[in-house]
Amino acid sequence: MKITEEIVDYVSVLSRLKLPREEKGKMVGELESILEYMDILNQLDTSGVEPMSHVFPVKNVTRTDEVVPSFDRAALLQNAPVPDEEAFLVPKTVE
Amino acid sequence: MELNQLTALQLGAAIKAGEVSVAEATAFSLERIQAKNPENNAYITVLEEQAMARAKALQAGVSDAVSPLYGVPMALKDNICTKGIKTSCASKILGDFKPPYDATLVEKLDAAGSVTLGKLNMDEFAMGSTSETSFYGATKNPWDLTRVPGGSSGGGAAAVAAGMGWYAVGSDTGGSIRQPSSYCGVTGMKPTYGTVSRYGLIAYASSLDQMGPIARDAADCAAILDLVQGKDPRDGTSLNGEYGALSAGLTGDVKGMRIGIPTDCFGEGLSPAVSKAVLAVAETLKSRGAVVEECSLPIMQYVVPTYYIIAAAEASSNLSRFDGVKYGWRAEGFEDLTDLYNKTRTEGFGSEVKRRILLGTFVLSTGYYDAYYKKALQVKALIARAFDTAFSKFDLLLTPVAPTTAPKLGESLSDPLQMYLSDIYTVSVNLAGLPGISVPCGFDEHGMPIGAQLIGAALQDSKVLHAAHAFQLDTDFHKKEAR
């Protein structure tokens, strides 16, 4: 798998990362060697094999819909980089 | 009494018998931490005052000690949420994050009378095999401070090896408990997936993550797991089961136990010293009546790429929550919201974390999903099947934990692919959800510890511990102390 700067740019946008030029150049080479190695999986015939997300059967877990107190707002806002009394503050998103 | 020579269970018994006070044991640990942390950097946060206050409070209830580990000082990896206590994942991006709640495991240990000495260093977000990617600086191996302790739970393994606490709780996504335990000459176990609640463990790859003990020996590991295993309504993947009897199963009798040695794990790339020490474990168990036989597990050559595709994919999704808005650190000098995200994440994550986020995003992206992610999930099914077949013939498999002993600091990070390849013996256990333990089994020519891995079928944690314990009855590798 040939990894180009364009591919790294594209997945960087999806990942909300913006690598400085030098870091990006290094990443291109590293991702390419890692993905090249991963191509070894193509030696295995997996036709008809069901993809396995979880080793143990996982099913939906439901519970009774009971009203219980949620976390205290002030306690949660305590960790925010920029809060006011009742919200997380971010730059204006809608003009 | 030489406190440092006691296991956690022995210390618990001495506390209960009134031979040692909880405060004495705690002060002893804190002194060791004070003396040794500047050189090995095992701890990110030390809770001196809280630990001493807790010790005094616990002493009052010692006559009604609720568990065999009542009053025993221990520490937690810094990706396990502790209410009101900084939990950093060794990352800049979490800043001074203080969780508003305790992990279920922390609640359980608390109820059992544990003393928390502090939070342990690790690879950033548990991504790494050396504990060098920490924002708080590398942890060093107590056996040789020029070498890595392994990773990602390197702080935990180093702390236990250096006597800076009687046990640690780590997390293991691809070997992060077992490999550092092997490098530091301590005993570490990843239990069956789903047997310990992940509620409050900051996620790396949710389908593989599992918490477990790092301790002096297998008996301590069993005692710790007896306290923390169990179904938890707050973790939908936790399993119903019979828990709490692991300690009771340690009889030392392995007569008739069938142990398989996958020859695929003893080929090219394995250091001769490691190979010899691990194979000697089979001889010891054989002398106790176990039946040892070679077997083949050719799927091993595919486990590393499968693991890194799945783990990176899940990481790219799990780590999207770190955006500089709700908690942790936020970059400065941004133009708009997207720029805030970009700057915070680019400056807040280290390069190994960014590499895995990008890799994971790539394997999940349109056009590549089928070729990489879906393919890896199919191979995962084949890996699980291969283990099922192996466990139809054997009770346990014996393999190395890592191809070598601990490398020198700075040697591994220059070539990420080489570092990934060194995880070959541990990652398959996570992919198949199995229990695996690392037990000290020798030393190499530099005096560095070697670990052997025993792997069991799903939910056969008791057999794994049982065999490890039997091995430790006949050997004293686990009793050797780091310099």
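**View 1. Exposed and buried sides of helix 2 of chain A.** Turned away from the buried side of helix 2 of chain A is a face with the exposed residues A:Glu22 and A:Gly29. The model is predicted: local features need pLDDT of at least 70, side-chain atom pairs count only at pLDDT 80 or more, and totals for chains, interfaces and linings use all residues. Residues are numbered from 1 along each chain as its sequence is written, and chains are lettered from A in the order in which they are written. Helices (H or I, at least four residues) and strands (E, at least two) are DSSP runs, numbered from the N terminus.

View 2. A:Met27, A:Leu31, A:Ile34, A:Leu35 and A:Met38 are buried. They lie on the same side of helix 2 of chain A, because their arc around the axis (from directions, axis to C-beta atoms) is only 90 degrees. The buried residues pack against helix 1 (5-15) of chain A and, in chain B, helices 9, 11, 12 and 13. Contact means C-beta atoms, placed from the backbone, within 7 Å.

**View 3. The contact between chains A and B.** Chain A gives 43 residues and chain B 54. Helix 2 of chain A supplies the largest share of the chain A side, eight residues.

**View 4. Surroundings of B:Thr139.** B:Thr139 sits in the loop between strand 3 (115-120) and helix 5 (154-161) of chain B. B:Thr139 is buried, with 35 other C-beta atoms within 10 Å. Its contacts include B:Asn40, B:Ser131 and B:Ala158.

Definitions and conventions
A residue is buried if 20 or more other C-beta atoms lie within 10 Å of its own, exposed if 12 or fewer, and partly exposed in between; C-beta atoms are placed from the backbone. Two residues are in contact if their C-beta atoms, placed from the backbone, lie within 7 Å. Lists of a residue's contacts leave out its neighbours within four places in sequence.
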